Amino acid sequence: APLMDTVPPQVVPGADPSARQLCFAWGPAEVLVCETLFGRAGESRSRCLSRSPSPSRFWGAGRAGAAARALTGSVAGTGEGAPSSSRVFVVRRDQDIYIQTLRKLFNESHGIFMGLQRSEEELAGKSRKAQLVQVSKNYRSVIRACMEDMHQAAVSTRDPALQGQYSTQVSILSAMELIWNLCEILFVEAAAAGPLLLRLLDWVRLHVCDVDSMVREVLSSESPSKHKLFWNVVDVFVLQGRMDEARHLLSKEATANPTSMNMYKILDDLMKKMPVPSLGNTQTLTELELKWQHWHEECQRYLQDGTFASHPHMESICKILLGDEDAILEKKELMTTWYHFLVTRLLYSHPTVKPLELRFYAQSSMDLFLGGESSPEPLDMILMAAFEFEMHQVIKECSIVLSNWWFVAHLTDLLDHCKLLQSHNLYFGSNMREFLLLEYASGLFSHHSLWQLGVDYFDHCPEYGRVYLELHIERIPLSTEQKALKVLRICEQRQMHEQVRSICKIMAMKALRNNRLGSALSWSIRAKDAAFATLISDRFLKDYCERGCFSDLDLIDNLGPSMLLSDRLTFLGKYREFHRLYGEKRFPEAARLLLTLMTAHIAPCSFWMTLLTDALPLLEQKEVIFSAEQTYELMRCLEDLTAGNPDKQKFQDDDVETTKVEMLRLALARNLARVIVKEGTVEGS
């Protein structure tokens, strides 16, 4: 792009005007940032490369932060009285769409999104809820697949910078899946008390996987019970409610140490009898609470009796079973996160927790776990907002923290289909779902191929989607004819007539610049642009005069009704038809058509001599082709041409043209004599 003097860059407010400072200019999908360069008088000499000063309506801090990390490219500039160069940076809104390994995320989630829009009215009640849960799981499976691909890419690359980039993306995708899964449990599935705890346990087991390598190490050793991490693994299983696996490991300890067999059997029995909620509504919450209370009292009795006093590890496990917060917090390093602590605490203290009670336990669990040693991270605040059932806060925080719009756009769309965001409209008229989908789709349009996905997202934004699509589709670079046809088809399917004409005109002009007249004419006809079709027809006629033959005969021969777009195009088509008739030796028809072209005045005046010259071979045929009346018409046309030519003197001085005129007059006179004789003979007989 050329350096722009006409659109001055905006300067960061509050900056010292006497010092170097940042300036910026907005483009359709990116912002250009540079340092100003000052001369001796302090006059700014910065230059930015964008013609569009209008910023996006919203750019979250996370978006700007991610974009700032993605500063790419630089150009040099100079200024008197300043350092010798300044750098210009391109800051993209959605840098993630340019990461090749994330293409699967965008492409596959598009299919899920479209399926959700199509199935909106198909099911109701429980069937609809199950369908929405399945859609949510499909989204999560795409996130996980991308995360695995990214992890594989990080392992296989030898470039430290790329490895760091891939590892960062793995962390981001992992956080996205963690948040999405929790939202699925709380908002989409809306699990009730009882099943809620089971879902949260699955959530923790799936996402808190830092201990998996430790488990594999212990289980793969020759004598697991002798391994230094044996009890850590047992504790992890207990903390995650994986009782069968914990009991299996404890059986190895009992076999290796017969002296602890009695304690093992008691602990194993307690773990085996622990009441847990069921997904199949086989027991009421009251029944579960009664069973749990009896079991809890039994655990309390064994602990008070000192049954496990001689074995600290088993005693610690018994305290965890009783929900002792101090005992659970002692395993802080094994849990690694406050939300793991929350779920463990609920499992052993409040197994029938209700959804609306989660906020109280979540806040206290985070406070206990962090203990004032560290402040919550952005991820912690997002999860806390989810536990507090503040859906809009979840979306807001994710918009700020995450580096692209993919997550919030698709999650909000899903929640909207769950009828959870119906009452929340934004101040400028569009609802939250549409706003986020518009932002996401706008980002896709800045990519050379992903823009095609953005079209469908705009289609499903009923209020502003069409306007956005019209604006964005005009900015797509029409680098090839194939791409132009693809864009054109999209516009035609949506009756975007103005954009269809614009695209056709652009492609026609490109073809004309490259002297591809056939393609240019085809595009101008498609655009229904009579003026441009006339211009190209003139070029065809000019080329014919210079070369003596037509190019792109297939196109001209098959113009059909399209030739009526302009008089000049009609003339081109009919003139080509005259040549075809002449080539087929259909001379009378060719003569009538030629005369019609001249007398109808649709031929350009500059082409009349060519038409009259084309009549010469017909005038010289053995058989008389032109009648007396037709011959008189030709004579009149010739006289009009010679008498009405503004360059008459120049015309007369041109030997070639003079010779043509004389030959035509002679041929016309001879033909007229032949016609009179022939017609007189016919009348006399």
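Hi everyone, let's start with a pair of side chains: Arg-433 and Asp-416 meet in a salt bridge, with N to O at 4.0 Å. Arg-433 belongs to helix H19, residues 432–444, and Asp-416 to helix H18, residues 406–417, so this contact ties together parts that are 17 residues apart in sequence. Before I go on, please keep in mind that this is a predicted model.

Are the two partners buried or exposed? Arg-433 has a relative accessible area of 8%, so it is buried. Asp-416 comes out at 15%, so it is buried too.

How many salt bridges are there in total? The count comes to 28. I'll walk you through a few others.

Next up is Lys-273 with Glu-298, whose side chains form a salt bridge at 2.9 Å, N to O. This one links distant parts of the chain: Lys-273 sits in helix H9, residues 261–273, while Glu-298 sits in helix H10, residues 285–304, and the two are 25 residues apart. Here the partners fall into separate classes of accessibility. Lys-273 is partly exposed, with a relative accessible area of 39%, whereas Glu-298 counts as buried at 14%.

Now for a pair within one helix. Arg-466 and Glu-470 meet in a salt bridge at 3.2 Å, N to O. Both are in helix H21, residues 465–473, and because they are four residues apart there, about one helical turn separates them. Arg-466 is partly exposed at 39% relative accessible area, and Glu-470 is partly exposed as well, at 23%.

Lys-585 has a positive phi of about 60°, although it is not a glycine. Where is it? Lys-585 lies in the loop between helix H27, 567–583, and helix H28, 587–599. With a relative accessibility of 63%, Lys-585 counts as exposed, because the cut-off for that class is over 50%.

You'll find Asn-515 in the loop that runs between helix H23, 497–513, and helix H24, 517–527. Asn-515 has 47% relative accessibility, so it counts as partly exposed.

Notes: Residues are numbered from 1 along each chain as its sequence is written. This is a predicted model: local features need pLDDT of at least 70, side-chain atom pairs count only at pLDDT 80 or more; totals for chains, interfaces and linings use all residues. Side-chain values use heavy atoms; hydrogens and water are left out. Buried means under 20% relative accessible area, exposed over 50%, partly exposed in between (1.4 Å probe, protein chains only).
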